[in-house]
Amino acid sequence: MKIVSIIPARYDSSRFPGKLMKQLGNKSVILRTYQNVVSMGLFDEVVVATDSDIIFKEISNNGGYALMTSNDHQCGSDRIAEAVSDMDTDLIINVQGDEPFVDAASLKQLIEVFKEDPDNEIAMASLMTPIIEFEEVKNPSVVKVIVDLNDFALYFSRFPIPFDRDNEHAPPYFKHVGVYAFRKQALIEFSEHEMTPLESAEKIECIRYLEHGKKIKMVVTKNLNFEIDTPKDLERAKTHLNQLNSK
């Protein structure tokens with residue numbers, strides 16, 4: 001099985017413009033993310049797919065592999081689909097450019113999902129992590145996921161799901177971590193479909209898979225991941241990096 005990792009990287013961000021080029025320690029966020037994924041040794045190729053000359057040069061000038069893609073894509077998966085359209089690969093692992101601390105163990109778990117699926121029934125796999133702070137449950141920037149008894153995704157939402165009507169049962173809440181694994185054909189099919197109604201409402205791209213009846217296997221990770229969506233997140237990431245460096 002040939003496996004590549006694609007890191008979609010837009011320069012513009014409505015909540016935090018230019019966040020991927022912000023300094024995190026002595027490196028930009030995107031360079032630190034790229035080098036972290038390369039260092040894992042899990043992939044036949046690691047590629048940054050971007051629509052930005054700035055990010056392209058950042059990766060290329062530091063010895064990395066970057067591809068220029070269209071600036072018309074509505075979501076990261078569409079950008080990845082363009083990047084891999086002519087690649088000889090079976091499995092694509094998408095690591096978001098703003099997740100510099102994603103861990104190898106979690107990515108290995110995603111890869112195992114497909115190795116244990118000989119009938120190719122699973123189109124996509126992704127990560128989720130238990131939510132400890134209830135403030136995150138209420139935060140619409142935090143995407144929640146609910147799963148069935150076999151950890152297949154039922155739905156993703158920015159709303160607090162499940163809803164604890166009687167305030168008695170303290171249901172488990174899981175945060176969706178923006179790391180995806182796709183079979184190539186499933187990803188290409190995804191990019192050929194228009195945005196679906198629930199995806200459009202929630203602005204969560206993996207809902208498109210569910211609306212087309214695809215299976216998404218969720219994998220629990222308890223490893224700490226930082227999505228850098230705001231300047232406050234960047235400060236948290238700097239603190240975490242300092243803690244790692246001091247060990």
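A residue is called buried when its relative accessible area is under 20%, exposed when the value is over 50%, and partly exposed in between (1.4 Å probe, protein chains only). The structure is a predicted model, in which local features need pLDDT of at least 70 and side-chain atom pairs count only at pLDDT 80 or more, while totals for chains, interfaces and linings use all residues. Residues are numbered from 1 along each chain as its sequence is written, and side-chain values use heavy atoms, with hydrogens and water left out.

Side chains of opposite charge can pair when their charged atoms come close. A salt bridge is taken here as a side-chain nitrogen of Lys or Arg within 4 Å of a carboxyl oxygen of Asp or Glu. Under this rule, twelve salt bridges are counted. Helices (H or I, at least four residues) and strands (E, at least two) are DSSP runs, numbered from the N terminus.

One of the salt bridges joins Asp117 and Arg183, with an N to O distance of 2.7 Å. Asp117 lies in the loop between helix H4 (104-115) and strand E7 (124-130) and Arg183 lies in strand E10 (residues 174-183), so this pair ties together parts that are 66 residues apart in sequence. Asp117 is buried, at a relative accessible area of 6%, and Arg183 is also buried, at 15%.

Strand E10 also holds Lys175, while Glu136 is in helix H5 (residues 134-138). Lys175 is buried, with a relative accessible area of 16%, whereas Glu136 is partly exposed, with 29%.

A further salt bridge connects the side chains of Lys214 and Glu189 (3.1 Å, N to O). Lys214 is in the loop between helix H8 (207-211) and strand E11 (216-220), and Glu189 is in helix H6 (residues 184-192); the pair links distant parts of the chain, 25 residues apart. Both residues are partly exposed, Lys214 at 30% relative accessible area and Glu189 at 26%.
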